[in-house]
Amino acid sequence: MEGGFFTRGFRGRRPAPEVADRLPPGQYLESGFPVLTAGPTPRVATDRWDFRVVDAEGREGSRWDWQAFAALPHETVKCDIHCVTRWSKFDTAWRGVSVDTLLAGVDAERALYAVAVCDGGYTTNMPTSALLGGRAWVVDEYEGRPIAPDHGGPIRLLVPALYFWKSAKWVRGLRLFAEDHPGFWEVRGYHNVGDPWRQERYRDG
Ligand SMILES: Nc1nc2c(c(=O)[nH]1)N[C@H]1C(S)=C(S)[C@@H](COP(=O)(O)O)O[C@H]1N2
Ligand SMILES: [Mo]
């Protein structure tokens, strides 16, 4: 009895090695899919949707409307995601357009920093390098279906190597800059990069 109780409790707190190896420090495994949004879920009609890139000189670059975006080459992505509130979810499956494709026309050497801009006004910043080289996608499918509105549908950014607050929901574009411009959570003290393996949760800690 006592041993059984102890074993269950022990297992509850310490994940199996194959799980522990994939959990960044301070994270626990979540099987559900929590919704975390600052503010209401914005709704945008796809016939009024577009995705825009603005370069480091402030010039409007590429623009795709809904149909043009849908026609871009899509990839499937399976990844673990890590929220700064300490839940991680394994093997999430998405489909979308690589940010490499969306930034193909941009001089990335000048544009060292990026800000994702969204319907509803949320923003988040990161180094442009964190979005390139097969590290980030603008996704329009989750688990084989359109993304639910609360999870960013119709379209969100997916940057699995960074804490999930960088994966901007309802993303409408990327603005590039020569210097860093902190976004919604970053001006409130969260980290400008946000690597979960380095526990880059807060700017000063
Ligand atoms: N536009 C927008 N994107 C956002 C947020 C938000 O409030 N607005 N929250 C961020 C945070 S803190 C997290 S953890 C994830 C949560 O995504 P989910 O609700 O699909 O789990 O979205 C991120 N992207
Ligand atoms: Mo978050």
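**Reading a ligand site and local geometry**

Ligand 1 sits in the largest pocket. The model discussed here is predicted.

Q: Which residues are the closest to ligand 1, and how many residues surround it?

A: One begins with the shell of residues around the molecule. In this structure, 20 residues surround ligand 1, and the closest are Pro 34, Ala 38, His 151, Arg 156 and Lys 169.

Q: How many residues of each class does the shell around ligand 1 have?

A: The shell may be sorted by residue class. Around ligand 1 there are 14 nonpolar residues, together with three polar and three charged ones.

Q: How many aromatic pairs does the structure hold, and what geometry does the pair of Trp 49 and Trp 66 have?

A: A pair of aromatic rings is described by the distance of the centres and the angle of the planes. The structure holds 17 aromatic pairs. One of them, formed by Trp 49 and Trp 66, is edge-to-face, with 5.3 Å from centre to centre and 90° between the planes. This pair links distant parts of the chain, 17 residues apart: Trp 49 belongs to the loop between β1 (28–29) and β2 (50–54), and Trp 66 to helix α3 (residues 66–71).

Q: Where is a cis peptide bond found, and which residue has a positive phi although it is not a glycine?

A: Most residues other than glycine have a negative phi, and most peptide bonds are trans. Here, a cis peptide bond joins Gly 153 and Pro 154, with omega about 10°. Pro 154 is located in the loop between β9 (145–146) and β10 (156–158). Glu 143, not a glycine, has a positive phi of about 50°. Glu 143 lies in the loop between β8 (137–142) and β9.

Terms used:
Residues are numbered from 1 along each chain as its sequence is written. Chains are lettered from A and ligands numbered from 1 in the order in which they are written. This is a predicted model: local features need pLDDT of at least 70, side-chain atom pairs count only at pLDDT 80 or more; totals for chains, interfaces and linings use all residues. Side-chain values use heavy atoms; hydrogens and water are left out. A residue is near a molecule or strand if one of its heavy atoms lies within 4 Å of it. On a 1 Å grid over the protein atoms alone, a cavity is a set of points where a 1.4 Å probe fits but cannot get out, and a pocket is an open set with protein on both sides within 12 Å along at least five of seven lines; lining residues have an atom within 4 Å of a point. A molecule sits in a cavity or pocket if more than half of its atoms lie within 2 Å of its grid points. Ala, Val, Leu, Ile, Met, Phe, Trp, Tyr, Cys and Pro count as nonpolar, Asp, Glu, Lys and Arg as charged, and the others, Gly among them, as polar. Rings of Phe, Tyr and Trp (its six-membered ring) pair if their centres lie within 6.5 Å; planes under 30 degrees apart count as stacked, over 60 as edge-to-face and the rest as tilted. Helices (H or I, at least four residues) and strands (E, at least two) are DSSP runs, numbered from the N terminus.
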